Amino acid sequence: MKRWWLEISRYALPQSRELGVVVLLTLTSVGLGLLSPWPLKLIVDHVLLDKPLPSALRAVEVLPGAGSQQGLLAWLVVATVVIFLVRRSTKIVTRYVKTGAATRMVFNLGTELFHSLQRRSLLFHGERRTGDLVKRVTGDTRCVRELVMDVCLPVLTSLVTLVGMFIIMWKLNPRLAVLAVLMSLPLAFLSRIFAGRMSERAYKERELQGDMAALAEQTLTTLPVVKAFAREEVEAERFRKLADEAVQANLRSVTTQLQFQASTGVVSRAATVTVMTVGGFYILGGELTVGSLLVLMSYFVQLYSPIETIAYLSESYASAAAGARRVLEVLHAKDSGVRESPRARPLPQVTRGARGRVRFEGVSFGYRPGLPVLRDIDLDVSPGETVALVGRTGAGKSTLVSLIPRLYDPWNGVVSIDGSNLRSVRLDSLRRDVAVVLQDPFLLPLSIAENITYGRPGASDEEIVKAAQAARAEGFIDALPDGYDTLVGERGSTLSGGEKQRIAIARALLKDAAVLIMDEPTSALDAQTEGELMEALERLTKSRTTFIIAHRISTIRKADRILFLEEGRIREQGTHAAALMEQGGAYAQLIASQFGAGKEGRRRQSA
């Protein structure tokens, strides 16, 4: 984190042109600020006190009427107004350009962080809270704006202002200029004392804000469960406790900032009084003119403003450092999950009838070290074959099929499609050739048509309708007020479970992938709809390799092969009637237990 600013600042490079304009406008504003007290000096010294103009300003007398006191006064008043208007206009334009550049920088970093999170494996996301990650994307990415706009630019502005003021004050009275600089040194000491404390407390505050976002996201996405178990007050109390902790963290952070501001305020005011007192004695001794005194007083009042700005940069720096720390924690986090090889190639395209051969060779895998879910899986599935996976809960069925689109990588062994090791294949190419229907269908808050085409955005209206018909979804879609243009609620909340499942099936069918994975595809359907859908699926799965996870006999009965998994191993395999039921093994016992019929039930189910 020592060089965090160097990494974060690269997100400002695309806005270098706008930043150059901002710097130019800022320097113009600084120059106008240094010039602003001089018309008043000239009015006092050369209009009111009637002293002759210095030789460097004699050119002013060529202006119409400037040779008289009244004319010079008029021109100096006009100059004061012009300087004010130009400086104010410059500040307005600067703010507009700064805002646009800062917003684009934040969005660039947010996009990069969001893209990085999408590339991360499911193992990575399983170890982190979604709400906290959202907070990092939408909130902590402001660190790039804070670094550039609230730290770097103020430093540049303040340094240029201080150098300009020091040069002018040196010309007017060198001893006062040196005294002013010496009196500002305690501010640097205070910045060093408070900087680390402010940074750490700002980081703690943001961490608690991330915890609150995570809890809110967790509760709102599981709201049906919260309501079903009457846990509203419990969750509200958890949120209140976190909110109280966040308030306390905020107060600690603000307290440190106020202590810093109070300390620097006392030092800067004491310095101003000291310098102005010494300057007053110089005036009484005749070493300064009244006009020069007014310029010095104006600069003395302004002098500690840029010095305080530099001192207060510790606050902005601390805030930027806290946000950058949370952003870089994600960007630099080690991901033990799926990573694409730099030498990965697209999945080779083979002829339609030969596409979709899936092989598992000595595959073992688990989600936690030392706790395997799959053990030494060997499996060879031919193109176009339909394989059903059955077994008790926790046997590893869903885990096995999740290795096919490479949602996870096996600990040992090789998973391949059409002879290509999945570790050597580009992920986008692989996942274009695998369609998935999950047990819990995930729908986006888009139209029904957009949900169906999510895996194939360029599909025509005719293809969308055909996919919906094949999934037996056209009936309820046509009955909706806007048909295929009907918007779906968050996570499909405006549809029933069966309707969501049929939309998910239509989405997978439209993708027309070589490999189709269905995890309990008919679990939310009634018997009649299931029967209609299975007839359609039977026709559609003939041209693609299909994996079906199911417990219903009606779903797996006609599979080309049934695999019975137990404790992460393939214990039995074969067809429903001709092999597994007649063997009377673990598969037959599982089927019988569902009907509670013993041998008679097995005989009836094998018929």
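This briefing covers selected helix residues, a nonpolar surface patch and the strand pairings of one structure. The model is predicted. Strand β7 is mostly covered, with 5 of its 5 residues buried. Strand β9 is largely enclosed by the rest of the structure, because 5 of its 6 residues are buried.

**Thr 26 in helix α2**

- Thr 26 sits in helix α2, which spans residues 16-35.
- Its relative accessibility is 12%, so Thr 26 counts as buried; the cut-off is under 20%.
- A polar atom of the Thr 26 side chain lies 2.6 Å from the backbone oxygen of Val 22.
- Beyond its neighbours within four places in sequence, Thr 26 is in contact with Thr 94 and Thr 157.

**Gly 291 in helix α11**

- Helix α11 runs over residues 290-331 and holds Gly 291.
- Gly 291 has a relative accessible area of 0%, so this glycine is buried.
- Gly 291 and Pro 39 are 252 residues apart in sequence, yet their C-alpha atoms are 9.6 Å apart in space.

**The nonpolar surface patch**

- Helices α7 (143-172) and α8 (174-221) each supply at least two of the patch residues.
- Ile 167 counts as partly exposed because its relative accessibility is 47%, between the 20% and 50% limits.

**The open sheet of 4 strands**

- Four strands form an open sheet in the order β2-β1-β4-β5, with antiparallel pairing.
- Its edge strands are β2 (374-381) and β5 (420-421), each of which pairs on one side only.
- Within this sheet, β1 (residues 358-365) and β4 (residues 412-417) are joined by 5 bridges in the antiparallel sense.
- Ser 364 has Asn 412 in β4 as its bridge partner.

**Strand β9 and its partners**

- β9 covers residues 561-566.
- Strand β3 (residues 386-390) pairs with β9 in the parallel sense, over 4 bridges.
- Ala 388 has Ile 562 in β9 as its bridge partner.
- Strand β10 (residues 569-574) pairs with β9 in the antiparallel sense, over 5 bridges.
- Ile 562 also stands opposite Gly 574 in β10.
- A hairpin is formed by β9 and β10, with 2 residues between them.
- In the turn of that hairpin, Glu 567 has a positive phi of about 55 degrees.

- β7 consists of residues 515-519.
- Val 515, Ile 517 and Asp 519 point one way from β7, while Leu 516 and Met 518 point the other way.
- Both sets of residues are buried, Asp 519 included.
- Strand β6 (residues 434-437) pairs with β7 in the parallel sense, over 4 bridges.
- Ala 435 has Leu 516 in β7 as its bridge partner.
- Strand β8 (residues 545-549) also pairs with β7 in the parallel sense, over 5 bridges.
- Met 518 stands opposite Ile 548 in β8.

Technical notes
Residues are numbered from 1 along each chain as its sequence is written. This is a predicted model: local features need pLDDT of at least 70, side-chain atom pairs count only at pLDDT 80 or more; totals for chains, interfaces and linings use all residues. Side-chain values use heavy atoms; hydrogens and water are left out. Buried means under 20% relative accessible area, exposed over 50%, partly exposed in between (1.4 Å probe, protein chains only). A polar contact is a pair of N or O atoms within 3.5 Å; within protein, one must be able to donate a hydrogen and the other to accept it, and residues adjacent in sequence count only if both atoms are side-chain atoms. Contact means heavy atoms within 4.5 Å. Two strands pair if DSSP finds at least two bridges between them.
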